[in-house]
Amino acid sequence: MKHIFQKGTNPLKPTLLLLHGTGGTETDLLPLAEKIDAESNVLSVRGNVLENGMPRFFRRLAEGIFDMEDLIFRTKELNEFLDEAAVKYEFDRNNILAIGYSNGANIAASLMFHYQEALAGAILHHPMVPRRGIDLPDLSSKRVFIAAGTNDPICPAQESEDLKSLLDQAGASVELHWENRGHQLTFEEVEAAGKWYKNL
Ligand code: MLT
C-alpha cells in the first residue's frame, strides 16, 4: 500500500497509524500525529480504492452503505500490510494506535472488529459501525477514543452510540466525545483526543 513511514525518537511509544478520509491522502493527517505524540513512529497509509478519483479504504454502494465483501477484503489487506510494515520498519506490531477520520476511522474500527491483535487502540474521528451482526473478538485490553458530531449528517449520532456499545461489550475501554458540530474534524476534538492519549 502507498504510505509514508517516519521513525520516531522513542521506541516505547506506539506507532501511530494514520488513515485519511474519503478523497484524502497519506499526507492529510500528519499534523494530527505530531499533535498526539511527536516522539512516536508514524505510518500513514493511502487507501487502495478509488471512487471517482478519490482514495478510500474500501468501496461503498452509496453514502453510508458499505460494500461488505470489499470491506472484509480490504481490512484483511490492511492487516497484512501492518504485519509486513512492522517487519520492514522494525516496530512493535503489538503496539499500533490508529488515528482515523471518517472512511479511515471506519477501516480502523473494522480492523478491531475482525482481528483481535490488529491494533492496541484507536482514535476514531467520526466513525460509523463498520459491520453489524458479527461477534467481535475479545478487545479487553484495547483503548478507543471516539469523536462524534451531534449534527453529523454522514454519521448519525446513533451510529456513534452503537459503535461505543459494541466495543464496550467486546471489553474495550471507550471514551465517546461529542462536538456540537457536523462531520468536520475539529481542533477541539483533536485537543480532546490529545488529552485522552496523555492519560493512557
Ligand atoms: C464511509 O463511506 O466510509 C463513510 O460514509 C464516511 C465517508 O464519507 O468517507
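# Exercises on a predicted model

His 3 is a residue of strand E1. The structure used throughout is a predicted model.

**Exercise 1. Where does His 3 lie, and which residues does His 3 touch, not counting residues up to four places away in sequence?**

Step 1. Start with accessibility. The relative accessible area of His 3 is 23%. Buried means under 20% and exposed means over 50%, so His 3 is partly exposed.

Step 2. List the contacts. Not counting residues up to four places away in sequence, His 3 touches Glu 26, Leu 43, Ser 44, Val 45, Phe 81 and Tyr 89.

Step 3. Check a distance. His 3 and Asn 41 are 38 residues apart along the chain, and their C-alpha atoms are separated by 13 Å.

Step 4. Turn to Phe 5, which also lies in strand E1. With residues up to four places away in sequence not counted, Phe 5 touches Asn 41, Val 42, Leu 43, Tyr 89 and Phe 91.

**Exercise 2. Check the span of helix H2 and find which of its residues are buried.**

Step 1. Helix H2 has 22 residues, which at 1.5 Å a residue should span 32 Å. The end C-alpha atoms of H2 are 31 Å apart, in agreement with that value.

Step 2. The buried residues of H2 are Asp 70, Leu 71, Arg 74, Thr 75, Leu 78, Asn 79, Phe 81, Leu 82, Ala 85 and Ala 86.

Step 3. Look down the axis of H2. The buried residues fall within an arc of 165°, so they line one face of the helix.

Step 4. Glu 69, Glu 84, Val 87 and Lys 88 are exposed on the other side of H2.

Step 5. Identify the cover. The elements over the buried residues of H2 include strands E1 (3-6), E2 (15-19), E3 (42-45), E4 (49-51) and E8 (96-101), together with helix H3.

**Exercise 3. How do the axes of H2 and H3 cross, and which residues make the contact?**

Step 1. The axes of H2 (residues 68-89) and H3 (residues 103-114) come within 10 Å and cross at roughly 85°.

Step 2. Angles of 65 to 115 degrees count as roughly perpendicular; H2 and H3 are therefore roughly perpendicular to each other.

Step 3. From H2, the contact is made by Leu 71, Ile 72, Arg 74, Thr 75, Leu 78, Asn 79 and Leu 82. From H3, the residues are Ile 107, Ser 110, Leu 111 and His 114.

Step 4. Sort these residues by type: six are nonpolar, four polar and one charged.

**Exercise 4. Work through helix H4: which residues are buried, and what do they pack against?**

Step 1. The 13 residues of H4 should span 18 Å at 1.5 Å a residue, and the end C-alpha atoms are 19 Å apart, which agrees.

Step 2. Glu 159, Ser 160, Asp 162, Leu 163 and Leu 167 are the buried residues of H4. Seen down the axis of H4, they fall within an arc of 165°, so they line one face of the helix.

Step 3. Gln 158 and Gln 169 are exposed on the other side of H4.

Step 4. The buried residues of H4 pack against H3, E9, E10 and strand E11 (173-179).

Step 5. Take Asp 162 as an example. Its relative accessibility is 18%, which counts as buried. Leaving aside neighbours within four places in sequence, Asp 162 is in contact with Val 129 and Arg 132.

Step 6. Just after H4, Gly 171 takes a positive phi of about 100°. Gly 171 is also one of the contacts of Leu 139. Leu 139 lies in the loop between strand E9 (121-125) and strand E10 (143-149), and at 0% relative accessibility Leu 139 counts as buried.

**Exercise 5. Asn 52 and His 126 each have a positive phi. Is each residue buried or exposed?**

Step 1. Recall the background: most residues other than glycine have a negative phi.

Step 2. Phi of Asn 52 is near 50°. Asn 52 lies in the loop between E4 and strand E5 (54-56), and with a relative accessible area of 76% Asn 52 is exposed.

Step 3. Phi of His 126 is about 60°. His 126 lies in the loop between E9 and E10, and with a relative accessible area of 1% His 126 is buried.

How values were computed: Residues numbered from 1 in each chain as written. Predicted model: local features only at pLDDT ≥ 70, side-chain atom pairs only at ≥ 80, totals over all residues. Heavy atoms only, no water. Axes fitted to C-alpha atoms, helices over the stretch in contact; angles between N-to-C directions. Helix = DSSP H or I, 4+ residues; strand = E, 2+ residues; numbered from the N terminus. Parallel < 35°, antiparallel > 145°, perpendicular 65-115°, else oblique. Contact = heavy atoms within 4.5 Å. Nonpolar A, V, L, I, M, F, W, Y, C, P; charged D, E, K, R; others polar. Expected span 1.5 Å × (residues − 1). Buried < 20%, exposed > 50% of the residue type's maximum accessible area, 1.4 Å probe, protein only. Arc of directions from axis to C-beta.
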